[in-house]
Amino acid sequence: MRPGASLQCFSPLTTDDVIDAVRRLPVPDKFSAADPIPTSVLKQVIDIIAPFVVELFNRSLSEGHFPAVFKEAFVSSVVKKPGLDATDTSSCRPISNLSVLSKLLERLVVSQLMKYLTSADMPLLQSGFRPDHSTETAVLRVMSDILQTVDRGDSAALILLDLSAAFDTVDHSILLQRLQTSFGIS
């Protein structure tokens, strides 16, 4: 990270930010039972209600508090692979459907975070959540490192871990401290 880079608070959102985010929602309209109005109606009235949504979002950002109602989701289960027993809970994975407003606020926050991290010189080897980077680019980098090591005549070993559920076990106070220390985000 660039020395002295820090993100102390989010920039206030504008009505244009919210209107643009709503207009970029995917088609066909996705919705959740948690939504007070259907997404199609939200798109039709966003020009009228945008000032109220902006006020709600900006209060959330300035107070550093994500509204509890935005954390509520309707959970359904989906069979992991075709042919598995749908009545066996281990064959299913939960799908959480959050409200559209919750997702909008999340996208607007991610946008600001990504701008900050890009301007603060995000580590070059960071592949997740970066434009033109993916799991494929990360795998290519690992393979390249292994092949270069073997070409030099050295030994190489690869250990793989399934960390798909790791985020559920993260100590949030440690995560917040790491964000402050390593990335200047407070």
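**Close-up views of a predicted model**

**View 1. Helix α2 crosses helix α3.** The axes of α2 and helix α3 (residues 100-119) come within 11 Å of each other, and they cross at roughly 60 degrees. All of this is read from a predicted model. The two helices, α2 and α3, are therefore oblique to each other. Their crossing is right-handed. From α2, the residues in contact are Thr39, Leu42, Val53, Phe57, Ser60 and Leu61. They meet Val100, Leu101, Leu104, Leu105, Leu108 and Val109 of α3. By class, this contact of α2 with α3 holds 10 nonpolar residues, two polar and no charged.

**View 2. Serine 60 in helix α2.** Serine 60 is found in α2. Its relative accessibility is 8%, so serine 60 counts as buried, for which the cut-off is under 20%. Which residues does serine 60 touch, not counting those up to four places away in sequence? They are His65, Phe66, Pro67 and Leu105. Leu105 belongs to α3, where it also takes part in the contact with α2.

**View 3. Helix α1 packs on helix α2.** Helix α1 covers residues 15-23, and helix α2 covers residues 39-63. They pack at an angle of about 135 degrees, with their axes 8 Å apart. Therefore α1 and α2 are oblique to each other. The crossing of α1 past α2 is right-handed. On the α1 side, Thr15, Val18, Ile19, Val22 and Arg23 make the contact. On the α2 side, the partners are Leu42, Lys43, Ile46, Asp47, Ala50, Pro51, Val53, Val54 and Phe57. Sorted by class, the contact of α1 with α2 has 10 nonpolar residues, one polar and three charged.

**View 4. Helix α3 and what covers it.** Helix α3 has 20 residues. From its first C-alpha to its last, α3 reaches 29 Å, close to the 28 Å expected at 1.5 Å a residue. Which residues of α3 are buried? They are Val100, Leu101, Ser102, Leu104, Leu105, Leu108, Val109, Gln112, Met114, Tyr116 and Leu117. The cover over these buried residues includes α1, α2, β2 (92-98) and α5. Just after α3 comes aspartate 121, with a positive phi of about 60 degrees.

**View 5. Helix α5 and the glycine after it.** Helix α5 runs over residues 172-183 and has 12 residues. Its span from first C-alpha to last is 16 Å, close to the 16 Å expected at 1.5 Å a residue. Just after α5, glycine 184 takes a positive phi of about 70 degrees. Helix α5 is also among the elements that cover the buried residues of α3.

**View 6. Leucine 175 in helix α5.** Leucine 175 lies in α5. Is leucine 175 buried or partly exposed? At 27% relative accessibility, leucine 175 counts as partly exposed. Leaving out residues up to four places away in sequence, leucine 175 touches Phe167 and Val170. Isoleucine 49 is 126 residues from leucine 175 along the chain. Their C-alpha atoms are separated by 35 Å.

**View 7. Alanine 138 in helix α4.** Alanine 138 has its place in helix α4 (residues 135-151). With a relative accessible area of 29%, alanine 138 is partly exposed. Alanine 156 is 18 residues apart from alanine 138 in sequence. In space, the two alanines are 17 Å apart, C-alpha to C-alpha.

How values were computed:
Residues numbered from 1 in each chain as written. Predicted model: local features only at pLDDT ≥ 70, side-chain atom pairs only at ≥ 80, totals over all residues. Heavy atoms only, no water. Axes fitted to C-alpha atoms, helices over the stretch in contact; angles between N-to-C directions. Helix = DSSP H or I, 4+ residues; strand = E, 2+ residues; numbered from the N terminus. Parallel < 35°, antiparallel > 145°, perpendicular 65-115°, else oblique. Left-handed = near helix turned anticlockwise from the far one by under 90°. Contact = heavy atoms within 4.5 Å. Nonpolar A, V, L, I, M, F, W, Y, C, P; charged D, E, K, R; others polar. Expected span 1.5 Å × (residues − 1). Buried < 20%, exposed > 50% of the residue type's maximum accessible area, 1.4 Å probe, protein only.
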